[in-house]
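Me: Hi! I'm new to this one, could you walk me through it?

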Amino acid sequence: MVEPGEEAMRQLFKFYRRRCPAPDLGGVLDLREAARHPDTVYRTRLEASALDDEAQRVGLQPASQWRAYGLNGYPGFIFIVNPFLPSGQRFWVRQCLKLYPRKPNVCNLDAHDPQRDDVWASGIRAGKSPREPRSLLEKLRWVTLGYHYNWDTKRYSAHHRSSLPVEVSALAAILAAACGFPTFCAEAAILNFYRADSALGPHVDESELDLSQPLVSFSFGCSAVFLLGGLRREDPALPIFMHSGDVMVMSGESRLRYHAVPRILDSGGTLPECLREPSCPREAAGGEAGGEAGGHAEPDPLARGDPGASATEPDAVSAADWEVCARYLRESRVNVTVRQVAAPGEAVPNTEPPPLHQNAAAIVTQQGGYNDGDAHNHDEEGHRHSKEDTG
Ligand SMILES: O=C(O)CCC(=O)C(=O)O
Ligand SMILES: [Fe+2]
């Protein structure tokens with residue numbers, strides 16, 4: 001029921017966000033059961049077979065095996081049902097939790113503690129005593145890579161940029177190329193770290209200068225309800241499950257659609273087997289493994305750009321690293337949304353980011369989206385993060 005004055009998207013957001021009583025998820029589209037929705041969903045062909053070798057290097061199954069879908073009435077929206085290898089999912093989770101929060105990348109913890117320690121080293125609390133403060137890793141809400149998105153100005157600046165990890169660029173390029181964007185050049189990424197109570201409010205991603213290139217988004221961990229809205233805030237939205245490993249590409253007419261993540265689901269029913277185990281036993285198929293006991297501390301040949309290195313190497317993720325990741329994922333979801341900021345030859349303006357103390361105003365209410373001051377609603381209240389937000 002849409003109350004007068006309240007948009008359909010916001011109504012649906014509240015419905016799926018509700019705790020008591022928990023919402024009925026029967027109306028959420030599950031693209032793993034696409035065949036049950038012939039009116040809504042169609043299978044789409046990808047331009048993928050040439051990418052098989054490269055795909056495996058970044059933790060993907062051979063591209064010829066991916067299942068991709070489009071949605072009737074949503075041109076430019078492409079959903080790829082988890083194309084990752086099990087070891088690939090573990091690799092990406094470890095990258096997101098251990099490596100990407102490191103400086104010079106920017107995260108929500110920076111404003112409060114510019115000297116912040118290694119977020120990864122803070123670990124996960126053993127117990128859940130409310131008296132024990134949350135660790136940095138538990139307070140992590142977002143990380144920016146490449147051109148660092150400025151949450152206040154909602155712009156990217158040529159002056160505020162660090163290098164994008166090569167494996168992020170490679171993965172996004174493969175996914176984009178498969179979806180018909182062979183020239184996609186990853187230049188920025190926002191990583192969203194959702195805990196069980198987190199949400200991301202309705203917003204449009206329109207800060208990029210070149211909107212002809214897609215958003216390439218992938219997620220790991222607990223499943224989520226994703227709302228795919230229209231071009232206007234008041235348009236109705238389609239609720240879709242996003243499970244671990246699922247990829248969304250928003251392009252063309254769908255590039256500027258409103259979207260939101262009102263709910264993270266309980267890991268009980270939603271965390272895939274390959275992300276559950278406390279260590280990474282050798283996988284049955286393909287002879288891969290995520291790590292052996294006593295794995296080395298910094299095994300990042302792929303991140304270093306070593307030729308021939310692969311995310312699916314047996315020791316890509318050590319058992320010790322995986323233990324932290326698996327504990328984190330029990331009540332978390334990690335999303336990575338990769339963006340091309342500017343067209344080739346187009347200059348990103350040199351606007352210095354404002355001093356951090358000006359950012360306090362960015363914590364606002366649930367009303368709104370990227371374009372009116374809200375957007376990355378991410379905490380228990382559904383509020384948007386600002387640079388100063390420790391979650
Ligand atoms: O978490 C998601 O699936 C969506 C993230 C998103 O919309 C964004 O980062 O702009
Ligand atoms: Fe978004």
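Me: At what angle do the axes of helix 3 and helix 7 cross?

Reply: In this predicted model, the axes of helix 3 (residues 86-99) and helix 7 (residues 319-329) cross at roughly 85° and come within 10 Å. Axes are lines fitted to C-alpha atoms over the stretch in contact, with angles from 0 to 180 degrees between N-to-C directions. Helices are DSSP runs (H or I, at least four residues), strands too (E, at least two), numbered from the N terminus.

Me: So how are helix 3 and helix 7 oriented to each other?

Reply: They are therefore roughly perpendicular, the term for 65 to 115 degrees.

Me: Which residues make the contact?

Reply: Helix 3 brings Arg-90, Val-93, Arg-94, Leu-97 and Lys-98, and helix 7 brings Asp-321, Trp-322, Cys-325, Tyr-328 and Leu-329. Contact means heavy atoms within 4.5 Å.

Me: New topic: which residues come nearest to ligand 1?

Reply: Asn-192, Tyr-194, Asp-205, His-259 and Arg-333, out of 15 around ligand 1 (a heavy atom within 4 Å).

Me: How far is the side chain of Asn-192 from an oxygen atom of ligand 1?

Reply: An N or O atom of that side chain is 2.8 Å away. For Arg-333, a polar side-chain atom lies 2.9 Å from a ligand 1 oxygen.

Me: Which strand gives the most to the shell around ligand 1?

Reply: Strand 13, with four residues.

Methods. Residues numbered from 1 in each chain as written. Chains lettered and ligands numbered in written order. Predicted model: local features only at pLDDT ≥ 70, side-chain atom pairs only at ≥ 80, totals over all residues. Heavy atoms only, no water. Polar contact = N/O pair within 3.5 Å; in protein donor to acceptor, adjacent residues only side chain to side chain. Parallel < 35°, antiparallel > 145°, perpendicular 65-115°, else oblique.
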